[in-house]
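User: Hi! I have a new model open on my screen and would like to learn how to read its features. Could you take me through them one at a time?

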Amino acid sequence: MDAYCPQCSQPMSWINGHFHCDACNSNYQPLANCPDCGQPLQTLQACGAVDYFCQHGHGLISKKRVRFSYIPLD
């Protein structure tokens, strides 16, 4: 997944469970949102696979359709 910094639009790196932007030295936690209703998705992890489920009636959501937002950690 390519992730770009919401502050400076530069590519971010995945480091120790969060994204880090070298350009502006910011850290972000990703949040998966439903593309249909915008609500946070439940993340289902098993055997290395990650799936996303909308608890607001949209069911399983394809990884290609998930909309990610980034919450600042700093």
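Analyst: Happy to. Let's begin with strand pairing: two strands pair if DSSP finds at least two bridges between them. The strands themselves, like helices, are DSSP runs numbered from the N terminus, with at least two residues (E) for a strand and at least four (H or I) for a helix. Here, β5 and β6 run antiparallel and are joined by three bridges. Within this pair, Tyr-52 stands opposite Ile-61 in β6.

Before we go on, a word on the source: this is a predicted model, where local features need pLDDT of at least 70 and side-chain atom pairs count only at pLDDT 80 or more, while totals for chains, interfaces and linings use all residues. Residues are numbered from 1 along each chain as its sequence is written, and side-chain values use heavy atoms, with hydrogens and water left out.

User: Which strands form the open sheet that contains β5, and in what order?

Analyst: Three strands make up that open sheet, in the order β4-β5-β6 with antiparallel pairing. Its edge strands are β4 (42-46) and β6 (59-61), each of which pairs on one side only. Neighbouring strands are turned by 40° against each other on average, direction ignored. For such angles, axes are lines fitted to C-alpha atoms (for helices over the stretch in contact), and angles run from 0 to 180 degrees between N-to-C directions.

User: What is the order of the open sheet of four strands?

Analyst: That order is β1-β2-β3-β7, and the pairing is antiparallel. The edges are β1 (13-15) and β7, each pairing on one side only. From one strand to the next, the twist averages 45°. Inside the sheet, three bridges join β2 (residues 18-21) to β3 (residues 26-33), and His-20 stands opposite Asn-27 in β3.

User: How many aromatic pairs are there?

Analyst: The rule takes rings of Phe, Tyr and Trp (its six-membered ring) with centres within 6.5 Å; planes under 30 degrees apart are stacked, over 60 edge-to-face, and the rest tilted. By this rule there are three aromatic pairs. One of them joins Trp-14 and Phe-19 edge-to-face, at 4.8 Å centre to centre and 75° between the planes.

User: Is Phe-19 buried or exposed?

Analyst: Buried means under 20% relative accessible area, exposed over 50%, and partly exposed in between (1.4 Å probe, protein chains only). Phe-19 is buried because its relative accessible area is 4%, whereas Trp-14, at 51%, counts as exposed. Trp-14, Phe-19 and Tyr-70 form one aromatic cluster.

Tyr-52 and Phe-68 also pair: their ring centres are 6.1 Å apart and their planes at 85°, so this pair is edge-to-face. The pair links distant parts of the chain, 16 residues apart, with Tyr-52 in β5 (residues 49-54) and Phe-68 in β7 (residues 67-72). Tyr-52 is buried at 12%, while Phe-68 is partly exposed at 28%.

User: Which residues form a salt bridge?

Analyst: Side chains of opposite charge can pair when their charged atoms come close. The cut-off is a side-chain nitrogen of Lys or Arg within 4 Å of a carboxyl oxygen of Asp or Glu. The structure holds one salt bridge: Asp-36 with Arg-65, the closest N and O atoms being 2.7 Å apart. Asp-36 lies in the loop between β3 and β4, and Arg-65 in the loop between β6 and β7.

User: How many disulfides are there?

Analyst: A disulfide needs a pair of cysteine sulfur atoms within 2.5 Å, and the count here is zero. Cys-24 is in no disulfide, and its nearest cysteine sulfur, that of Cys-5, is 3.6 Å away.
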